[in-house]
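I opened a structure file today and kept notes as I went. The entries are in the order in which I looked things up.

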Amino acid sequence: MRVLQRSEHLLEVKDLKTYFHMEGGRTAKAVDGVSFHIDRGETLALVGESGSGKSITSLSVMRLIPQPPGDIVDGSIKLDGKELLTLSDREMRKVRGNDIGMIFQEPMTSLNPVFTIGNQIAETLIKHKKMTKKQAYAKAVELLRVVGFARAEEIIHEYPHQLSGGMRQRAMIAIAMSCDPKLLIADEPTTALDVTIQAQILDLMVEMKEKFDSSILLITHDLGVVAEVADRVMVMYGGQIVEEAKAEELFTNPKHPYTTGLMGSIPNIDGEVERLESIPGTVPPAHRFPEGCRFAPRCKHVMEQCTQSNPELSEVNRKHKVRCYLYEPAGGEGGHQNGTDERKTVRST
Amino acid sequence: MHRYIIRRTLQFIPMLFLVTVVVFALAKAAPGDVLSGEMLDPNIPHEVLEERREALGLNDPLPVQYWSWLTSVAQGDFGNSMQYTGRSVMDLIQSRIMNTFYLSLFALGVTLAIAIPIGIYSATRKYSLFDYGATTFAFLGLATPNFFAALLAIWLLSFQFGWFPAQGSTSAIGLTGFELFIDKLRHLVLPGFTLGLASTAMYMRYMRTEILEIKGSDFIRTAQAKGLSNNSVLYKHTLRNALIPIITLLGVEFGLLLSGAVITENVFNYPGLGTLFLNSIQNRDYPVIMAINLILAVSILVGNLLADIFYAVVDPRIRYD
Ligand SMILES: Nc1ncnc2c1ncn2[C@@H]1O[C@H](COP(=O)(O)OP(=O)(O)OP(=O)(O)O)[C@@H](O)[C@H]1O
Ligand code: SF4
Ligand SMILES: [Mg+2]
């Protein structure tokens, strides 16, 4: 049975809808019909500005949406062919930390301040791998060495506040990888770190992925990070995927006006943001999306039909999907590419 | 950490000194002295009183008086009581202090045993019927004056139902061993609960707020993402952090143990420091007043010291240097 499933994707998310029921009866559609997959050994990047729904997407996969007010209202999330959304809470807890490891943006606050690093690594091993305390601590030392601590024996007795941000993120990676997960979800793992440390942490993640033979879902709003490590990229806006392509394809041939806008503001290697042409305006809150294309209010290429209906995510070629009327064949229903590039010049107001 | 504790203890010494000065000064600033009462007695000639003043050193300059008071206090000698003629102050206090200590400990036990579980339960079931019930109880508790609750308890549980004694600390002389223990415990119930319930509301709300705040923190999300059980997330990761301020508060509370019970002790006529204190004030028994004042002030200082030490023990983030 396992053998049969190996042919499928590692993670397959279909039509995921995660809504927040807010006061006053409004609904925030933080994730609104997102579908994607991750293959074994693949690094998939999820990019988008703040508030586009990246974290909620990843927390939905972990089923860690605070409920209430949040709720996964529709969709399917399959890990290795196993549907996660119908698992009992108990079964889901066996997936978290064991099949899927997760690291977060804020290394300063993501570790519990009152327990030692060793304790926090060991408890995952004790829980999932049924190790004794002694075995778990021995394994913790080993893991800390793997993530680059020379003084691992001492570090297990130290508290988070005794480590720098970069070191804490290494410790978080050690926790996330401790049970040899199939998937590592990293939600902005480098955003809070110094530029020099950022590169080290990224390298470490890639190294870990290879060593543990896992896949990565990397969430970031930094296209520089994406270019460095991702195999494939999804661009998210307003709770939806607006473009998806192989990394080289996306960087050489970006299609969606939002993506090209983001590219205009990649920080250069020294970390100085060269806002050549940043996108005017801000991401709309998830309870107040505009009619039609959600990017329309900020789009340079907006056309009349854009404000009437939301375009589908459709293929422009086999490895490239985009949600934009500029690339959709007339009639609009998710067809194939034909002469899309010429239509890029179409402008209307 | 040992160095931190030692340093913190050393800082305690000048504070202690200051407290003795204040206690002494307050006693001196109050109108009258130990002989004022006798001055009204026309049978004692004025010259005799003057002589006794001179003999007691009451006419010496203040620093000299302070120093002689301090040196005898340091040796455990608080002088003699004026109202219970001939009894030493130390003797009087020794007969009362343990009663107050038991009462306060009982009350603290009541507070924690009720406040912590209810606080936790309320927080995990925020906005449930239970949570609203606990909140209502808390505000009622906060709004009810202590003496009123005490009178209510006496009327209902002692006079109406006769379950518990409402007066004193023992009912029969000559009880020993286990019987004496039970008898003392029964006498503790009413004053202990009245005193304990008074701070329950505060601790309960504190616990609830603290847990709710910690539940939203990043490291709790990490704990959940590790696949830990709900119990482990609540009782290990959340509670350990939520208890830090509570434990610190306990240090301070410990300092208040002896002084917290003055009103309650008097309502229940419980023979503790509080009744002795009020009694001494009414009789201008200055040696006793000074001694109790000093004991209370020192216990509060010690409580604060304990709070700091507890804090350093339970929160690894405290810097020791
Ligand atoms: N508890 C909540 N209640 C209501 N709306 C929420 C809640 N949490 C998130 N949202 C909505 O979901 C949207 C997406 O949030 P999300 O955290 O996924 O953004 P993000 O892409 O991760 O941004 P960032 O880069 O800032 O982390 C936000 O616009 C917000 O309006
Ligand atoms: S559909 Fe229209 S508004 Fe939306 S991105 Fe494309 S051109 Fe712009
Ligand atoms: Mg986020």
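The entries below cover strands, sheets and charged surface patches.

**Entry 1. The kind of model.** I noted before anything else that this is a predicted model.

Entry 2. I took strand S1 of chain A, residues 11-21, and checked its pairing with S2(A). The two run antiparallel and are joined by 8 bridges. As an example of residues facing each other, I wrote down Lys17(A), which is opposite Asp32(A) in S2(A).

**Entry 3. Strand S7.** Next I turned to strand S7 of chain A, residues 183-187. Is this strand buried or exposed? I found 5 of its 5 residues buried, so the rest of the structure largely encloses the strand. Buried here means under 20% relative accessible area. I also sorted the side chains by direction: Leu183(A), Ile185(A) and Asp187(A) point one way, while Leu184(A) and Ala186(A) point the other way. The residues on both sides are all buried.

**Entry 4. Partners of S7.** I looked for the strands that pair with S7(A). Strand S6 of chain A, residues 100-103, pairs with S7(A) in the parallel sense over 4 bridges. Within this pair, Ile100(A) has Leu183(A) as its bridge partner. Strand S8 of chain A, residues 215-220, also pairs with S7(A) in the parallel sense, over 5 bridges. There, Leu184(A) is opposite Ile216(A) in S8(A).

**Entry 5. The negative patch.** Helix H8 of chain A, residues 195-212, gives the largest share, 3 residues. Glu207(A) lies in helix H8 of chain A. I checked its cover and found Glu207(A) partly exposed, with a relative accessible area of 43%.

**Entry 6. The positive patch.** Last, I listed a positive surface patch made of Lys82(A), Arg90(A), Lys94(A) and Lys130(A). Where is Lys130(A) found? I located Lys130(A) in the loop between helix H4 (117-129) and helix H5 (133-146) of chain A. Its relative accessibility is 66%, so I put Lys130(A) down as exposed.

Note on methods
Residues are numbered from 1 along each chain as its sequence is written. Chains are lettered from A and ligands numbered from 1 in the order in which they are written. This is a predicted model: local features need pLDDT of at least 70, side-chain atom pairs count only at pLDDT 80 or more; totals for chains, interfaces and linings use all residues. Side-chain values use heavy atoms; hydrogens and water are left out. Buried means under 20% relative accessible area, exposed over 50%, partly exposed in between (1.4 Å probe, protein chains only). Patches are made of residues with over 30% relative accessible area and no salt bridge: like charges are joined within 9 Å, nonpolar side chains (Val, Leu, Ile, Met, Phe, Trp, Tyr) within 5 Å. Accessible areas come from the Shrake-Rupley method with a 1.4 Å probe; for residues, only the protein chains shown count as cover. A salt bridge is a side-chain nitrogen of Lys or Arg within 4 Å of a carboxyl oxygen of Asp or Glu. Lys and Arg count as positive and Asp and Glu as negative; His and the chain ends are not counted. The place of a charge is taken as NZ of Lys, CZ of Arg, CG of Asp or CD of Glu. Two strands pair if DSSP finds at least two bridges between them.
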